[in-house]
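Here are my notes, jotted down while going through the model.

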Amino acid sequence: MGELKLMKGNEAIAEAAIHCGCDGYFGYPITPQSEIMETLMVEKPWETTGMVVLQAESEVASINMLYGGAACGKKVMTSSSSPGISLMLEGISYLAGAELPCLLVNVVRGGPGLGTIQPSQADYYQTTKGGGHGDYQLIALAPASVQEMYDFVDLGFELAFKYRNPAIILSDGVIGQMMEKVIVSDVKPRWTDAEIQKISGSWATTGKTKDRARHIATSLDLEAEKQEIHNHKLQAKYREIENKEVRFEEFQTKDAEYLLVAYGSSARICQKAVEICRSKGIKAGLLRPITVWPYPTKRVAELAHQVKGMLSVEMSAGQMVTDVRLAVSGKVPVSHFGRYGGVIPSPGEVVVALEKFINGGN
Amino acid sequence: MSEIQIQDIIKKENFVYGKTKILTDNVMHYCPGCSHGVTHKLVAEVIEELDIQEKTIGVSPVGCSVLAYNYIDIDWQQAAHGRAPALATATKRLMPDHYVFTYQGDGDLASIGAAEILHACNRGENITVIFVNNAIYGMTGGQMAPTTLIGMPTATSPYGRQAALHGYPLKITELIAQLPGVAYVTRQSVHTPAAVRKAKKAIKKGFENQARKIGTSFIEIVSTCSSGWKISPVESNRWMEEHMFKFYPLGDLKDAEKDNEEDYRKFIE
């Protein structure tokens with residue numbers, strides 16, 4: 001077992017990047033996630049693992065640096081918060097179109113616009129429903145603890161390379177800023193050139209040798225029929241991810257009559273709310289999606305046969321609730337409770353909202 | 001004396017010119033009179049002469065040369081509009097022994113990608129930039145570019161570019177030359193055999209500078225766009241000499257090698 005350390009969620013991302021053999025980080029400062037690049041700059045991994053760390057001139061530049069690095073078969077990542085991710089969306093669409101693996105981290109803050117620097121979960125649609133142009137999907141992991149912030153860096157890279165697709169850690173200002181214990185893993189060495197050839201040698205732009213055709217990292221095909229074939233290929237990949245990579249966690253669902261559905265920091269709040277409900281005699285349970293895409297649609301649908309109603313709890317005006325409704329398909333009532341614009345709900349507020357929902361209110 | 005047969009002349013030892021193998025046999029989509037074809041050839045010849053095909057990564061832009069990867073037989077990355085220097089930055093930093101170059105037009109480099117090119121050059125990224133300036137957006141059908149000359153008619157400045165309405169043409173190469181991270185800045189053209197030879201020398205120097213790790217090399221090629229300018233290729237060359245060269249004079253703007261390389265290296269260190 002690795003060493004136990006106390007650290008912030010943002011610091012955990014930086015430490016995990018160095019420990020999992022990341023080749024390059026490219027980012028631009030924005031609250032509440034600036035500690036990620038600050039930690040990397042203090043740690044100076046270029047002197048130990050050889051990892052490149054660069055402060056780019058903008059989020060637009062950072063995401064396109066990822067495109068260049070990912071095209072070389074390197075493990076590259078960036079991090080930002082909501083407005084910065086909006087700036088990156090064009091590049092994210094290009095990365096998905098060119099099937100380039102990389103890792104993004106969004107430490108979400110309240111919006112819209114410049115919004116606030118307080119935590120929010122209002123980027124759910126942006127993350128899971130596209131955001132950028134065209135038909136594409138990001139593999140989206142939603143951590144609910146500092147340990148998961150740490151673990152999902154390695155997992156995110158693993159999934160990104162497995163499917164040649166960008167992965168994103170959908171976090172928020174609570175998890176980015178809070179401090180918890182983390183079990184730190186051993187340092188994995190960065191991939192050697194030979195390993196990169198083995199893993200990504202069929203497509204990476206590492207220099208055209210005599211024994212192969214040139215590699216081109218592109219999302220362009222001017223012929224509509226060919227672009228449609230490329231899209232079929234992408235969609236087949238997305239269906240495979242939906243079949244194989246759904247991750248979720250359940251808390252007291254076995255005998256639950258009412259189900260709370262929440263991810264990330266909201267799930268932490270809901271766990272406490274379930275405990276309060278149980279002490280009051282309300283049989284509540286919690287389903288926590290760990291992957292918000294692919295979404296645990298099947299499990300939500302199954303639970304619709306068991307429970308009397310579901311309440312989606314999010315720090316947004318109600319975004320994930322649409323996925324819950326689609327899965328439930330009218331079988332039982334579904335409602336939403338949320339605080340937003342940077343406000344964090346208390347467990348007590350969630351309990352009151354659930355009681356109101358049970359009694360027929362909204 | 002027997003008659004000389006053609007076979008006696010076509011012998012390898014008599015060859016003075018051949019198409020470089022780095023250029024593919026794909027039919028180029030460029031219009032007649034366009035400067036891209038010759039510029040592509042020069043880049044390909046330099047890659048062959050330096051024997052760096054296996055170590056060269058090109059970054060193509062959005063614009064007419066978006067399909068450059070169809071013509072030069074190396075590994076390529078196709079960038080979003082204006083972002084080629086960001087891709088090249090990461091590629092070079094992650095594979096420092098490779099030769100990395102961007103190939104960009106004036107709309108891509110001087111308009112939408114102005115931030116990326118300035119910052120990549122200001123960081124002194126050890127890359128080569130080929131900047132094709134034909135003062136117009138070719139691919140989208142001849143709209144005004146940041147480098148369009150005053151008075152020059154385009155699809156979006158149909159009565160000629162006016163400073164009050166459209167702003168001034170941007171001498172981005174002069175701006176780039178001010179940056180301490182840049183080792184070599186030159187402006188060339190490819191409209192005559194002499195100009196082609198000079199341009200090739202400049203491109204070669206730009207690539208060689210990467211091995212010397214002295215900062216960014218920036219090579220502007222003042223170019224024609226007969227289709228966009230709506231005049232014949234011959235007239236285009238004449239128009240370019242008369243008008244473009246006056247505003248964009250040819251020659252070196254900066255050469256760290258000549259200006260004292262040792263001092264320069266100390267400065268960037």
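1. Before the counts, a word on terms: a polar contact here is a pair of N or O atoms within 3.5 Å, and within protein one must be able to donate a hydrogen and the other to accept it. Residues adjacent in sequence count only if both atoms are side-chain atoms. With that rule, 17 residue pairs are in polar contact across the interface of domain 1 of chain A and domain 2 of chain A, both residues at pLDDT 80 or more. Do keep in mind that this is a predicted model.

2. Where do the two domains sit in the chain? The domain assignment of chain A puts domain 1 at 4-193 and domain 2 at 248-358. Taken over C-alpha atoms, the centres of domain 1 of chain A and domain 2 of chain A are 27 Å apart. Domain 1 of chain A brings 30 residues to the contact and domain 2 of chain A brings 25 residues.

3. Now for the area. Domain 1 of chain A and domain 2 of chain A bury about 2,100 Å² between them, with carbon and sulfur atoms giving 54% of that. On the domain 1 side of chain A, the residues that lose the most area to domain 2 of chain A are A:Gln121, A:Tyr124 and A:Tyr125, which together make up 33% of what that side buries.

4. The rule finds 3 salt bridges across the interface of domain 1 of chain A and domain 2 of chain A. A salt bridge joins A:Arg268 to A:Glu180, with 2.5 Å between the closest N and O atoms.

5. On to the chain-chain interface. Here 35 residues of chain A are in contact with 36 residues of chain B. Chain A and chain B bury about 2,800 Å² between them, and carbon and sulfur atoms give 59% of that area. Which three residues supply more than any other three of the area that chain A buries against chain B? They are A:Glu57, A:Lys208 and A:Arg214, with 23%.

6. A:Arg214 turns up again among the charged pairs: its side chain meets that of B:Asp73 in a salt bridge, at 3.2 Å from N to O. Across the interface of chain A and chain B, the rule finds 3 salt bridges. Between chain A and chain B there are also 17 residue pairs in polar contact, both at pLDDT 80 or more. The side of chain A that touches chain B takes its largest share, 8 residues, from α3(A).

7. Strand β1 of chain B (residues 56-60) has 5 of its 5 residues buried, so it is largely enclosed by the rest of the structure. B:Thr56, B:Gly58 and B:Ser60 point one way from β1(B), while B:Ile57 and B:Val59 point the other way. β1(B) pairs in the parallel sense with β3 (residues 99-105) of chain B over 4 bridges, and B:Gly58 stands opposite B:Phe101 in β3(B). β1(B) also runs parallel to β2 (residues 75-78) of chain B, joined by 4 bridges, with B:Ser60 opposite B:Gln78 in β2(B).

8. Last, a local detail in chain A. In helix α2 (residues 35-43) of chain A, the buried residues include A:Glu35, A:Ile36, A:Met37, A:Thr39 and A:Leu40. Just after α2(A), A:Lys44 has a positive phi of about 50 degrees.

Key
Residues numbered from 1 in each chain as written. Chains lettered and ligands numbered in written order. Predicted model: local features only at pLDDT ≥ 70, side-chain atom pairs only at ≥ 80, totals over all residues. Heavy atoms only, no water. Buried < 20%, exposed > 50% of the residue type's maximum accessible area, 1.4 Å probe, protein only. Helix = DSSP H or I, 4+ residues; strand = E, 2+ residues; numbered from the N terminus. Pairing = 2+ DSSP bridges. Domains from an automatic or database assignment. Contact = heavy atoms within 4.5 Å. Buried area = accessible area lost by both parts, 1.4 Å probe. Salt bridge = Lys/Arg side-chain N within 4 Å of Asp/Glu carboxyl O.
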